Amino acid sequence: MTRQPAVAARGLVCQFGPVRAVDDLSFEVAEGEVFGLLGPNGAGKTTVIRVVTTLLKPAAGTVRVFGLDTRRSTMRVRRRIGYLPQQLSIDGQLTGYENVWLFARLFDVPRRERRGRVEDALAQVGLEKVARRLASTYSGGMVRRLELAQALVSRPRLLVLDEPTIGLDPLARDSLWERVLGLRAEEDMTVLLTTHYMEEAEQLCDRVGLLLNGRLRAIGRPRELEAALGPGATLEDVFRAYAAGGADEDKGGLRDVRSTRRTAGRLR
Amino acid sequence: MSAAPAAPPVGSAERPPAPGAIRLLWNRTTTLCLLELVKLRHDRTELYTRAIQPALWLLVFGVTFTRIHAIPTPGRLPYLDYLAPGVMAQSALFIAIFYGIQLIWERDFGILTKLLATPTPRAALVAGKAFAAGVRAISQVVVVLVLAAVLGVTFRWQPLSLLGSVAAVMLGSSFFASLSMTIAGLVRSRDRLMGIGQAITMPLFFASNALYPTALMPAWVQAIARVNPLSYEVNALRQLLLGLPGNLAMDFAALLGATVAGITAASLLLGRLAR
């Protein structure tokens, strides 16, 4: 029996006024796969993530998560997803434990399991020793790991990470990825991520999709895409080759740049 | 020796059964209210700083106007007694009316986006936040209640009266918090919301029966007071805490109706903040 794809997008179109942020996009993410959406600012990566996480209804086309339509089965889709948005999104007025506890409650983790699940999630990201400290005292890397614990406490089948390592120093970035990949191996979880870091995508993703101006320009295994460009090519070369052909700098948008900078600034 | 059974993979764990709509609303509301209590426990500064203004109303305005007998009160009640429930409702209003700013702050820091991606209907999220404002307001009202009692205000301390007062403050605060969240959904900026909040707070306060009986007001202000939920909250508090005559059922019906309308409006506009 063939397994349902974790994510299946068909003819996806997202329109904001005159701007077509996503234009007839189709792709699939297999269950258990780490799939990276790459592209410059304004390419439409976050818009796709917002549709997958049910935050945005597309103008046309469908996205199915484990066979469930994101438009019609909103709550059921949400119960299967752990989501890490681009911006830092923890509550500094709460401790690490309380931040994760909140998500355990919002995902209806049964009361008898709740404490254990929160502690497990914190241990999975290595924050168990600082769990009782206010999150406002955490470093940038710790904040990102705490967000990961929030996403994991519901035991999602699909982990959605939107630029998760933006602004992190190389050590914190490595530490985060080590944990994500460890979890993926242990839990048979599917990971859908967006990133600006090509080296990171090359090392971590089973497959990548290159998005430009809302359209998918290339999709495949990093090595296949590199080989298609020529000997010795890196994923960054692939990215440059496609981006040179038509990235629209205006589409990045001030809001997008500002949001990215704000996140990076808070992590410093 | 048989090997220990392998733990099922976490990713394939069974989903907890989805609760029904009412239970979901209750779960989310209690979660967000509990969270508010936890935040208050971590940082009590706001409890002290917010106590200053109601204390001034009671100590300066209340004591002075009690002495000069300038405002006629029902049953020749001391003015300070008459004023105390009004100041309680006012301090709850001042907390709740700026609650939308917190929502915009959460939007700016990505917290709202993440909350909206959880299996929480928008109405439940707004209701949770609205009643969380009520929880914060209750903590403030307790401070005012104690202060008024120290100043000699004679309250009815029956448990049912106190419980009813908590309910009235919760409903009133929830309405004003959802009004604030509705405005947040419309203006989508902290600065604009702050300006609007400041512009409407004092008119809401003065165009109510919090400071003086509505019979003393010009006709057009009386008309506003009649549709102002703050008047119904104050009425309920005066009946429950002081034993003044009134129509408690109508007061609670008005507060409940206003709260449901406020939560509905804020839920419909929440999507604008998530864009």
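Let's start where the chains meet: 27 residues of chain B are in contact with 30 residues of chain A. Keep in mind as you look around that this is a predicted model. On the chain B side of that meeting place, two elements give two or more residues each, namely helix H1 (21-42) and helix H5 (111-116) of chain B. H1(B) hands over the largest share, six residues. If you sort the chain B residues that touch chain A by class, you get 14 nonpolar, nine polar and four charged ones.

Now hop over to chain A and look for its sheet. Here four strands make an open sheet, in the order E2-E1-E4-E5, and the pairing is antiparallel. Which strands sit at the edges? They are strand E2 (19-29) and strand E5 (68-69) of chain A, each of which pairs on one side only.

Strand E1 (residues 7-16) of chain A lines up with E4(A) in the antiparallel sense, and five bridges link the pair. E4(A) and E5(A) together form a hairpin, with two residues between them. Have a look at A:Phe66 in that turn: its phi is positive, at about 50°.

Back in chain B, there's a pair of helices to find. For helix H7 (residues 159-187) and helix H10 (residues 229-242) of chain B, the angle is about 170° and the axes are 9 Å apart. Angles over 145 degrees count as roughly antiparallel, so H7(B) is roughly antiparallel to H10(B).

Who makes the contact? From H7(B) come B:Ser161, B:Gly164, B:Ser165, B:Ala168, B:Val169, B:Gly172 and B:Phe175. H10(B) answers with B:Pro229, B:Leu230, B:Glu233, B:Ala236, B:Leu237, B:Leu240 and B:Leu241. Taken by class, the residues of this contact between H7(B) and H10(B) are nine nonpolar, four polar and one charged.

Notes:
Residues are numbered from 1 along each chain as its sequence is written. Chains are lettered from A and ligands numbered from 1 in the order in which they are written. This is a predicted model: local features need pLDDT of at least 70, side-chain atom pairs count only at pLDDT 80 or more; totals for chains, interfaces and linings use all residues. Two strands pair if DSSP finds at least two bridges between them. Axes are lines fitted to C-alpha atoms, for helices over the stretch in contact, and angles run from 0 to 180 degrees between N-to-C directions. Angles under 35 degrees count as roughly parallel, over 145 as roughly antiparallel, 65 to 115 as roughly perpendicular and the rest as oblique. Two residues are in contact if their C-beta atoms, placed from the backbone, lie within 7 Å. Ala, Val, Leu, Ile, Met, Phe, Trp, Tyr, Cys and Pro count as nonpolar, Asp, Glu, Lys and Arg as charged, and the others, Gly among them, as polar.
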